[in-house]
Amino acid sequence: PSDRPAAEHKGLPTIVGGTVASSVDHPYIVPLLDADMDDATEARFCAGTLVTPRWVVTAAHCVDDRSPSGIQTVAGISDLGAVTTADRIGISNIHLHEGYRADNLTHDVALLRLANNVTVANARWIPWQTDTSLPLVGTTLKTAGWGASVVEGSNREAVLREASVMAVG
């Protein structure tokens with residue numbers, strides 16, 4: 001796989017490649033899964049971040065055309081190949097930002113209310129930010145997900161990957 005962390009996809013920057021990561025290092029990241037598909041690797045269509053034991057924040061464009069019953073998630077697992085039916089957590093509500101516009105991805109944020117609290121020992125919600133200053137432009141940041149590992153790739157990664165990126169202004 002490529003170690004290049006960024007590429008252009010449909011005019012938008014995307015992250016491609018990276019290295020294998022662990023849910024221990026990223027205990028807050030969760031995949032969004034199509035509830036109608038058994039294979040979690042094939043079912044993954046986006047990812048989100050646990051912000052409390054019951055809430056996930058994600059991109060609105062990931063869920064704007066879906067119903068809560070059609071989405072599931074799983075917490076504390078970095079290898080989607082290890083996901084079982086018992087691991088999956090349903091979604092009870094989708095809340096799109098009131099200013100969301102699909103045509104230009106304005107306010108591209110949504111909250112998903114989980115049907116049950118996350119109780120898996122190795123899952124955590126992202127800690128509340130106590131430093132309210134944004135990272136300076138050029139600061140190295142880490143990102144993680146199950147996206148493509150090659151530029152222009154349609155492959156579906158089963159294992160969580162991470163990449164370093166730079167903060168932009």
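Start with the disulfide of Cys46 and Cys62: the torsion about its S-S bond is about -75 degrees, so the disulfide is left-handed. Keep in mind that this is a predicted model. The sulfur atoms of Cys46 and Cys62 sit 2.0 Å apart. The disulfide count comes to 1.

What does this pair tie together? Cys46 belongs to strand β5, residues 44-52, and Cys62 to helix α2, so the link joins parts 16 residues apart in sequence.

Buried or exposed? Take Cys46 and Cys62 in turn. Cys46 is buried, at 15% relative accessibility. Cys62 is buried as well, at 8%.

Next, salt bridges. How many does the structure hold? There are 2.

Asp34 pairs with Arg66 in one of them, and the closest N and O atoms are 3.9 Å apart. The cut-off is 4 Å, so this pair counts. Asp34 is in strand β4, residues 29-34, while Arg66 is in the loop between α2 (60-63) and β7 (71-73), so this contact ties together parts 32 residues apart in sequence. Asp34 has a relative accessible area of 19% and is buried. The limit for buried is under 20%, so Asp34 falls within that class. Arg66 is partly exposed, at 30%.

Glu162 and Lys142 form another salt bridge, at 3.8 Å from N to O. Where do these two residues lie? Glu162 is in strand β11, residues 161-166, and Lys142 is in strand β10, residues 140-145, so the pair ties together parts 20 residues apart in sequence. Glu162 is buried, with a relative accessible area of 16%. Lys142, in contrast, is exposed, at 55%.

Which strands form it, and in what order? It is an open sheet of 3 strands, running β3-β11-β10, with antiparallel pairing. β3 (19-20) and β10 are the edge strands, each pairing on one side only. In general, strands of a sheet pair through backbone hydrogen bonds, either parallel or antiparallel.

β10 and β11 are joined by 6 bridges in the antiparallel sense. For one example, follow Thr140 across to β11: its bridge partner there is Met166.

Definitions and conventions: Residues are numbered from 1 along each chain as its sequence is written. This is a predicted model: local features need pLDDT of at least 70, side-chain atom pairs count only at pLDDT 80 or more; totals for chains, interfaces and linings use all residues. Side-chain values use heavy atoms; hydrogens and water are left out. A salt bridge is a side-chain nitrogen of Lys or Arg within 4 Å of a carboxyl oxygen of Asp or Glu. Helices (H or I, at least four residues) and strands (E, at least two) are DSSP runs, numbered from the N terminus. Buried means under 20% relative accessible area, exposed over 50%, partly exposed in between (1.4 Å probe, protein chains only). A disulfide is a pair of cysteine sulfur atoms within 2.5 Å. Two strands pair if DSSP finds at least two bridges between them.
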